[in-house]
Amino acid sequence: MSKDNKKPKNIFDKIFVIIASICVLLAIVIMALVINGKNAENKDLAYTDLIKQISDGNVEKIEMTVGSTTAKVKIKDEEEEKKVILPNTQAFIELIQDKVGEGIEFDLNQKQQSALTRIPEILISFLPTAIMLALFIMIYKMQGLGEKGKVYEETERKTKVTFDDVAGLEEEKEELIEIVDFLKKPEKFNEMGAKIPKGVLLYGKPGTGKTLIAKAIAGEANVPFISMSGSEFIEMFAGLGASRVRKLFEKARKLAPCIVFIDEIDAIGSRRTSNSGAESENNQTLNQLLVEMDGFSTEETIIILAATNRPEMLDKALLRPGRFDRQITVPAPDLRGREEILKIHSKGKKFADNISMKSIAEDTAGFTGAELANILNEATIIATRKEHDKVEQDDIEEAVKKVTVGLEKHSRVISEKDKKLTAYHEAGHAIVSQYLPTQTAVKEVSIIPRGLAGGYTMYKTNEDKFYVSKTEMEEKLIALLGGRAAEKLALDDISTGASNDIEVATQVARDMVTIYGMSDKIGPISLKDTGSLYDLKIFGENIEDAIGEEVRKLINTAYLDAQTILRQNMDKLHEIAKVLLEKEKINEEEFKKFFNIN
Ligand code: ADP
Ligand code: ZN
């Protein structure tokens, strides 16, 4: 994700927003108090109850003022007078006048309520209008702020990023070069009657370089780059999203030829389902986007690039011809790609002679470009802190850990009990994976807290591969549950420490069943595209139960398998946990010794 398009806000604008927020808050508080007060009055006596009390002969006295819709009622044997709201004063007066002979004292006050005493009432009646007005002004202002921010962006609109800054992704760049040509010489393409896509959708997980490549297209073609993130639209007031989209395209038309980049488009372009509440707001924004895309012709030379990592969430309407009809997957880099990314980002940094980018690339399978850039940056920071002249191997290893699991927190005070729990938990993961053929070797086990984790077990990375087998996924589940299993067997209790493992395991198991068709019971069916329950039901009424059952079965089996492995290795579990408690960390070689492997 790109973080460089933050809008600077004027200090006065900030103050205004704060003051407006306080006003609205105050208004809401007053309103709440008033409503509360009214409720308290209402509670006194309902009109129907009053009628009943009258016919039961319980009412002693009724007092009311002409023009008012309330009456004061004194019930026999009760201390306080009660207030009653009258639905129809005239009818009530007639009713009471009939009853006066039956012992009810009726006081009809002719005095008009003075205007002075009614001032609060009048003010209160204006309150809702005032609140609405305040809200509108706020929305209007905020919209204005957004615009101001965008104008700022415009001044920086030309990016200097080129394809040379994008490592790897050779095929993707090749596919996108025609867009660059088109932006440079649109007449040539139009004369030939060539159809250039209006919209290109970039699929890929965060940090794979989608924003970078979109900027590079703008840079190569030397055209303005206008961007917007779908997440800006979440929690926006009704109608605002759509108007933002309209303004974005207004600007694009003025600046054409240009690139419009919409990051996280899934936040606006999720499937349109119901027509209520937040979703209908989404729909308005999405509809506006569709209208805008349909509204300009290819002669206008605006190319819209959008990025998402959740393509399955997108509304199908976005993918129709004339909209985002070109889709490009931006994968995490392979070994060569990683090496090239590392080379690009090592420019201007000093490295010890024995460091090869290739070996770092080998150790970082699955890492994205953003993570790799981050690792090199962290490594230089660590090296500087340690007063090394150049970045050394251990600086890089430390940086890899920092980026993957977070920073070591030596200062955090941990109770002995927690340490013991972590030691068994991590030993459990490590031992269990040692016995699983498809899982990679343990690289390090530690009970020093890092990031949010109390401890961690690091594995060596696998060579790049494209497919993951069912056995591998099942064994992954077993390894994930090894921590919880160890807690249970060694300490006869379980803890919250396994929450992340359980979350990941559940996701893996769910994917196995619903995406990869790995459950025998459900069969090789993809349930990925079934956005609603209705879609799902075509596979049978009980499909939900069946999915739940299959996911649970996978997890329970894995949990039992993890326990079985550990039961057969209780001596090792105690031994490794003990060493961890003493030394806090066990490396690859030390770990292997427990299993007599070299
Ligand atoms: P995305 O938009 O896919 O989330 P970004 O384009 O924002 O990812 O990438 C974040 C940063 O990661 C980039 O600014 C760049 O420094 C680095 N990066 C990612 N992919 C690459 C790549 N292929 N080559 C060079 N740097 C990359
Ligand atoms: Zn764990």
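Strand β5 (residues 199-203) is mostly covered, since five of its five residues are buried. Here buried means under 20% relative accessible area, exposed means over 50%, and partly exposed lies in between, with a 1.4 Å probe and protein chains only. Strands (E, at least two residues) and helices (H or I, at least four) are DSSP runs numbered from the N terminus. The model is a predicted one: local features need pLDDT of at least 70 and side-chain atom pairs count only at pLDDT 80 or more, while totals for chains, interfaces and linings use all residues. Residues are numbered from 1 along each chain as its sequence is written, chains are lettered from A and ligands numbered from 1 in the order in which they are written, and side-chain values use heavy atoms, leaving out hydrogens and water.

Two strands are said to pair if DSSP finds at least two bridges between them. β5 pairs in the parallel sense with strand β8 (residues 302-308) over five bridges, and also in the parallel sense with strand β9 (residues 326-329) over four bridges. Tyr203 takes part on both sides: its bridge partner in β8 is Thr308, and in β9 it stands opposite Thr329.

## The protein chain as a whole

The secondary structure of the protein chain comes to 20 helices and twelve strands. Of its 598 residues, 42% count as buried. The accessible surface is about 33,100 Å², and 54% of it belongs to carbon and sulfur atoms; such areas come from the Shrake-Rupley method with a 1.4 Å probe, and for residues only the protein chains shown count as cover. Contact means heavy atoms within 4.5 Å. Among contacts with a separation of 6 or more, 73% are between residues 24 or more positions apart.

## The zinc site

The zinc ion (ligand 2) is coordinated by His425 (NE2), His429 (NE2), Asp501 (OD) and Asp501 (OD), at 2.0 to 2.8 Å. Donors are N, O and S atoms within 2.8 Å of the metal (3.2 Å for Na, K and Ca); water is not among the atoms, so sites may look incomplete. The donor residues are spaced H-x3-H-x71-D in sequence. His425 and His429 are separated by about one helical turn because they are four residues apart in helix α14 (residues 416-434). His425 counts as buried because its relative accessibility is 5%, and His429 is likewise buried, with a relative accessible area of 6%.

The arrangement around the zinc ion (ligand 2) is irregular because the four donor atoms subtend angles of 51 to 143°. Four donors count as tetrahedral if all angles lie between 85 and 135 degrees; four count as square planar and six as octahedral if opposite donors are over 155 degrees apart and all others between 65 and 115; anything else is irregular.

## A three-stranded sheet

An open sheet of three strands has the order β11-β10-β12, with antiparallel pairing. Its edge strands are β11 (456-459) and β12 (585-587), each of which pairs on one side only. Neighbouring strands of this sheet are turned by 10° against each other on average, direction ignored. Axes are lines fitted to C-alpha atoms, for helices over the stretch in contact, and angles run from 0 to 180 degrees between N-to-C directions. Helix α19 (residues 570-583) packs on the sheet and touches β10 and β12; its direction makes about 115° with that of β12. Strand β10 (residues 442-446) and β11 pair in the antiparallel sense over four bridges, and the bridge partner of Glu444 in β11 is Met458.

## Leu489

Leu489 lies in helix α15 (residues 470-491) and counts as partly exposed because its relative accessibility is 22%. Leaving aside residues up to four places away in sequence, Leu489 touches Gln563, Leu566, Arg567 and Met570. Leu489 and Met570 are 81 residues apart in sequence and 8.5 Å apart in space, C-alpha to C-alpha.

## Backbone exceptions

Most residues other than glycine have a negative phi, and most peptide bonds are trans. The peptide bond from Ala256 to Pro257 is cis, with omega near 0°, and Pro257 lies in the loop between α8 (240-255) and β7 (258-263).
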